[in-house]
Amino acid sequence: MTTSKASLSVSGDAAEDLNAAAAVRSELAHAAYDSKIEGNVIITRVDAAINWMRKNSLWPMPMGLACCAIELMATASSRFDISRFGSEVMRFSPRQSDVMIVAGTVTYKMALAVKRVWDQMPEPKWCIAMGACASSGGMYRSYAVLQGIDQLLPVDVYISGCPPRPEALIEGLMKLQEKIDGEESTVDLKSESLVS
Amino acid sequence: MNTNQAAQTISEKFEGTTVLEFRGEHTVTVAPADFRLVMEYCKNELDFDMLLDASSVDNSGDDPRFALVYELATLDDSVHLRVKTHIAESEEVPTVSDLWATADWHEREIWDMMGIKFSGHPDLRRILMWEGYTYHPLRKEFPLAGKPSEMPDVAFTGEAPLEGGPFVTSAGAGSRVKAEPRAK
């Protein structure tokens with residue numbers, strides 16, 4: 001307002017210059033406070049943002065080895081619908097997966113193949129041991145069966161059951177989401193970049 | 001021809017063959033030396049076109065130790081015959097995979113699980129365990145829990161915890177509680 005008052009008392013070219021300057025300034029002020037943006041900006045921590053993105057888009061690597069795989073398929077299909085939790089994108093390529101769901105009996109013959117697929121998955125990655133066999137060997141106290149996949153790779157969530165119902169798998173997935181929510185992703189990213 | 005006739009024909013043709021009839025099933029037990037000839041005769045003369053199953057039994061402590069059991073059938077399923085032969089641990093058995101192609105994998109499984117070798121077999125590799133595994137797990141002396149083994153980049157095995165096992169089922173023990181699998 002003071003500018004426009006001043007422009008009244010000045011005549012000629014100088015007055016025009018002042019008017020132009022005022023117009024630019026008022027535009028700048030307008031850009032700094034845009035009512036259209038208000039309400040669409042969220043302040044958060046980087047950790048929280050990264051974790052939120054990760055946990056709601058967990059692409060599973062289905063390692064279906066026995067009857068648990070049937071329940072895994074049921075979980076993915078319409079009645080239970082794992083896509084409500086962002087995990088419907090079953091990837092049969094380890095390069096595109098975030099979480100390996102080991103569903104079934106891991107025999108010694110298969111064990112190193114599972115390990116190899118796990119090694120091919122890019123970080124960050126998680127593992128769910130679904131059912132008694134994958135968790136501990138289950139009822140197969142035998143020469144042929146690996147007594148729990150955790151002997152070969154780090155497991156984040158164990159699901160009990162033989163086989164577990166789809167609800168149990170979804171519960172396990174939600175537990176994993178909770179776990180991811182508490183991770184210090186930025187620190188991990190920094191330490192990773194320091195290592196490499 | 002019925003099963004009884006087939007069994008009698010074999011016992012007449014081959015010396016030292018015994019026939020056992022039990023509830024309509026006929027088993028002929030033949031000497032290992034005659035085994036191949038009997039199988040050829042069954043296939044070519046008696047028209048047993050189908051080999052249903054081949055399995056092995058470890059009669060540990062007996063001599064000879066192993067028994068091989070072959071289940072033969074005709075394609076119209078009217079005649080079934082079981083052919084058995086007893087062989088010692090060091091003996092090899094002639095393959096029948098050229099007579100019945102299905103014997104190929106059955107004999108590989110017997111070799112893998114029981115360690116009986118088949119002479120003349122076209123491809124006697126292990127079928128369930130991996131090449132390089134040193135044991136034959138269905139032999140009586142092999143523990144249920146397994147034995148540790150290591151083959152880098154192929155496979156490894158460990159000992160399974162049995163926690164009071166192995167658990168033995170006692171059929172005909174009277175009550176269900178007594179019969180169910182327990183450490184005994």
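**Notes on a predicted two-chain model**

1. Let's start in chain A: strand β3 (residues 126-130) runs parallel to β4 of chain A, and the two pair over 3 bridges. Two strands count as paired if DSSP finds at least two bridges between them. Strands themselves are DSSP runs of E with at least two residues, helices are runs of H or I with at least four, and both are numbered from the N terminus. Across this pair, Met130(A) sits opposite Ile159(A) of β4(A).

2. Some housekeeping: the model is predicted, so local features need pLDDT of at least 70 and side-chain atom pairs count only at pLDDT 80 or more, while totals for chains, interfaces and linings use all residues. Residues are numbered from 1 along each chain as its sequence is written, and chains are lettered from A and ligands numbered from 1 in the order in which they are written.

3. Back to chain A, where an open sheet of 4 strands has the order β1-β2-β3-β4, with parallel pairing. At the edges stand β1 (60-64) and β4 (157-159) of chain A; each has a single partner strand, so one side of each lacks a neighbour in the sheet. On average, neighbouring strands here are turned by 15° against each other, direction ignored. For angles, axes are lines fitted to C-alpha atoms (for helices over the stretch in contact), and values run from 0 to 180 degrees between N-to-C directions.

4. Helix α4 (residues 68-76) of chain A lies across β1, β2 (99-103) and β3 of chain A, at about 130° to β2(A). A contact between two residues means that their C-beta atoms, placed from the backbone, lie within 7 Å.

5. Now chain B, which has 4 helices and 11 strands. Its open sheet of 5 strands goes β1-β2-β5-β4-β3, with mixed pairing. Here β1 (18-22) and β3 (50-58) of chain B are at the edges with a single partner strand each, so one side of each has no neighbour in the sheet. Within the sheet, β2 (residues 25-30) and β5 (residues 80-87) of chain B pair in the parallel sense over 4 bridges, and Val30(B) stands opposite Thr85(B) in β5(B).

6. Helices lie on this sheet too. Helix α1 (residues 3-13) of chain B lies across β1, β2 and β5 of chain B, at about 15° to β2(B). Helix α3 (residues 103-114) of chain B touches β3 and β4 (66-73) of chain B, and its direction makes about 10° with that of β3(B).

7. Have a look at helix α2 (residues 32-44) of chain B. Which of its residues are buried? They are Phe35(B), Val38(B), Met39(B) and Cys42(B). Buried means 20 or more other C-beta atoms within 10 Å of a residue's own, exposed means 12 or fewer, and partly exposed is in between, with C-beta atoms placed from the backbone.

8. Last, Glu141(B) is found in the loop between β7 (118-119) and β8 (149-151) of chain B. Glu141(B) is exposed, with 8 other C-beta atoms within 10 Å.
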